[in-house]
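I opened the model today and kept notes as I went. Confidence came up before geometry.

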Amino acid sequence: MLHRRYNNPMADSSTVDKTPLSVMLVDDETDRALLVEQALAQHGYQVVCRLTSTAALRYHVERVQPDIIIIDMDSPDRDTLEHMTVISQHNPRPIVFFAGPNDNPDSADSIKLAIQAGVSAYIVDGLTAKRVKPIIDVAVARFNEFQQLRQQLHSSQNQLAEQQFIDKAKRLLMKKQQMDEAKAFSTLRKLAMDRQQKMADVAKDVIAILEAL
């Protein structure tokens, strides 16, 4: 399923599974939901779950594991925004929000809040059959790009944290074992090689031992 592919945003199209995308559809109007489901089916998408509200969205996402979430309602209320935020933090996947026509002056704020909550595409004026595929394609592309940036940021943060442990361990070796910086670094590196561990993990052990002295 496609949501598993989201864990590898660097994969190219030749390596991506071609199985049909599964969709969770949230629509508070039954007749409209049927039309939306028909439009999705026409483009090869499979609706695996249909809800009338976002009240238990996280539970159903964890249960069904859809590739894409489509929410079709007039506008996102506070509860819907909260549910989308939780999904984006704990079980991220593309979310497409189709909103009805809205002349409310606060509609721009609604769009901003929805994007902040993790919506990949916010479409005003509702859903039509001919717009389904291009909109979903754009939403998936945006989601994958965001996930790639998030992974890069996470990797950079981990590298920074690891370097901080190594630097602290070096300082402690220099202070308590009377080593110069080059000797402290080579000591950590040799320990890491001997123990077949990352230098950061060895550095944590060294810090714990030397700080206890």
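**Ground rules.** I am reading a predicted model, in which local features need pLDDT of at least 70, side-chain atom pairs count only at pLDDT 80 or more, and totals for chains, interfaces and linings use all residues. Residues are numbered from 1 along each chain as its sequence is written, and side-chain values use heavy atoms, with hydrogens and water left out.

**Confidence.** I looked up pLDDT, the predictor's confidence in each residue, from 0 to 100. The protein chain has a mean of 83, and 86% of its residues reach 70 or more. I then went through the elements; helices (H or I, at least four residues) and strands (E, at least two) are DSSP runs, numbered from the N terminus. Over residues 1-16 pLDDT stays under 50. For that stretch the model has 32 contacts (heavy atoms within 4.5 Å) beyond four places in sequence. Where pLDDT is low, the predicted coordinates should not be read in detail.

**Helix α2.** I checked its length. Next I asked which residues of α2 are buried. They are A33, V36, A39 and L40. Buried means under 20% relative accessible area, exposed over 50%, partly exposed in between (1.4 Å probe, protein chains only). Down the axis of α2, the buried residues fall within an arc of 120°, so they line one face of the helix. The arc is taken from the directions from the helix axis to the C-beta atoms. The face turned away carries the exposed residues T30, D31, L35 and Q42. Cover for the buried residues includes β1 (22-27), β2 (46-51), β3 (68-73) and α6 (132-176). Just after α2, I found G44 with a positive phi of about 90°.

**Strand β4.** I moved to residues 95-99, where five of five residues are buried. I95, F97 and A99 lie on one side, V96 and F98 on the other. Two strands pair if DSSP finds at least two bridges between them. β3 and β4 run parallel, joined by five bridges. I71 has F97 in β4 as its bridge partner. From β3 the chain crosses through helix α4 (residues 78-90) to β4, and this β-α-β crossover is right-handed: with the strands pointing away from the viewer, the path from the first strand over the helix to the second runs clockwise. β4 also pairs with β5 (residues 121-124), parallel, over four bridges. There A99 has V124 as its partner.
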